[in-house]
Amino acid sequence: MNKLLVTVALLMMSTSTFAQTAAEKTGVNSLIGVAPKTEDFVTEAATSDMFEIASSKLAAERADDPTKVFAKQMIADHQKTSAELKQLVDSGKVKASIPTAMTSAQKSTLDKLNGLQGEDFTKQYHSDQVSAHKDAVDLFKRYGEGGDNPDLKSWAATTEPALEHHLMMAQDLDK
């Protein structure tokens, strides 16, 4: 394990731009608690919002009543964070590009969810929400603590508690 961490650290130092992006994509940064690069954070936050909104729109149509209430809140809250992130980028305070589509993994998860109905749909949606919010809390926490853009770092830190609340709500759906 120590050899792996040393190798990753050397790789990150030797080719910082590529290695940090690769480390974020592979989960190494999360594993060792390193903040993502600004561009990586913006990409992951934006695509996470896209997934949350799209999957929650399906849930608002197909799920049981408590899940529909949760889904409607996810749509509203993630549309708000999407707009805030876009405003930070559009204002020039954050030098990054907002992606226009979800990742292939998110699209695949959404396609799987789209093929389900009834209790199978609801269970999968609940599971996806817990997983997505665990990832989002980790991402926002790491950037809020160690991000390199002050405006984005502040926004991440102030947004993280709402994501933690979403995670608790998602976990409570199965109770």
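The structure holds six aromatic pairs.

The model described here is predicted.

**Overall architecture**

The protein has eight helices and zero strands. Of its 175 residues, buried residues make up 42%. Among contacts between residues at least 6 apart in sequence, 69% join residues at least 24 apart.

**Nonpolar cores**

The largest nonpolar core has 20 residues, and those with the most contacts inside it are Ala59, Phe70, Phe121 and Tyr125. The elements giving two or more residues to this core are α4, α5, α6 (104-114), α7 and α8. Apart from it lies another core, of 18 residues, which includes Val42, Leu88, Leu139 and Ala156. In soluble globular proteins, nonpolar side chains tend to be buried together.

Which residues does Tyr125 contact, leaving aside its neighbours within four places in sequence? They are Ser55, Ser56, Ala59, Thr67, Phe70, Ala71, Met74 and Leu113.

Ser55 is located in helix α4 and counts as buried, with 0% relative accessibility. A polar atom of the Ser55 side chain lies 2.9 Å from the backbone oxygen of Phe51. When residues up to four places away in sequence are not counted, Ser55 touches Leu110, Leu113, Tyr125 and Gln129.

**Helix α8**

Helix α8 covers residues 150-172; at 1.5 Å a residue, its 23 residues should span 33 Å, and the end C-alpha atoms are 34 Å apart, which agrees. At the N-terminal end, Asn149 caps the helix, with a side-chain oxygen 3.0 Å from the backbone nitrogen of Asp151.

Where do the buried residues of α8 pack? They pack against α4 (38-62), α5 (65-90) and α7 (118-146). Among these buried residues are Leu152, Trp155, Ala156, Thr159, Leu163, His166, Leu167 and Ala170. An α-helix has 3.6 residues a turn, so residues three or four places apart point the same way.

**Two residues with greater accessibility**

Asp174 is found in the segment after α8. Is Asp174 buried or exposed? Asp174 has a relative accessible area of 56% and is therefore exposed. The side chains of Asp174 and His126 are joined by a polar contact of 2.7 Å. In space, Asp174 and Thr122 are 9.6 Å apart, C-alpha to C-alpha, although 52 residues separate them in sequence.Thr43 has its place in helix α4 and is partly exposed, with a relative accessible area of 27%. Leaving aside neighbours within four places in sequence, Thr43 is in contact with Ser97 and Pro99. Thr43 and Ala101 are 58 residues apart in sequence and 9.8 Å apart in space, C-alpha to C-alpha.

The accessibility of several residues discussed above is set out below.

| Residue | Relative accessible area | Class |
|---|---|---|
| Ser55 | 0% | buried |
| Thr43 | 27% | partly exposed |
| Asp174 | 56% | exposed |

Notes. Residues are numbered from 1 along each chain as its sequence is written. This is a predicted model: local features need pLDDT of at least 70, side-chain atom pairs count only at pLDDT 80 or more; totals for chains, interfaces and linings use all residues. Side-chain values use heavy atoms; hydrogens and water are left out. Helices (H or I, at least four residues) and strands (E, at least two) are DSSP runs, numbered from the N terminus. The expected span of a helix is 1.5 Å times one less than its number of residues. Buried means under 20% relative accessible area, exposed over 50%, partly exposed in between (1.4 Å probe, protein chains only). Contact means heavy atoms within 4.5 Å. A polar contact is a pair of N or O atoms within 3.5 Å; within protein, one must be able to donate a hydrogen and the other to accept it, and residues adjacent in sequence count only if both atoms are side-chain atoms. A nonpolar core is a set of buried Ala, Val, Leu, Ile, Met, Phe, Trp, Tyr and Cys residues joined through side-chain atoms within 4.5 Å. Rings of Phe, Tyr and Trp (its six-membered ring) pair if their centres lie within 6.5 Å; planes under 30 degrees apart count as stacked, over 60 as edge-to-face and the rest as tilted.
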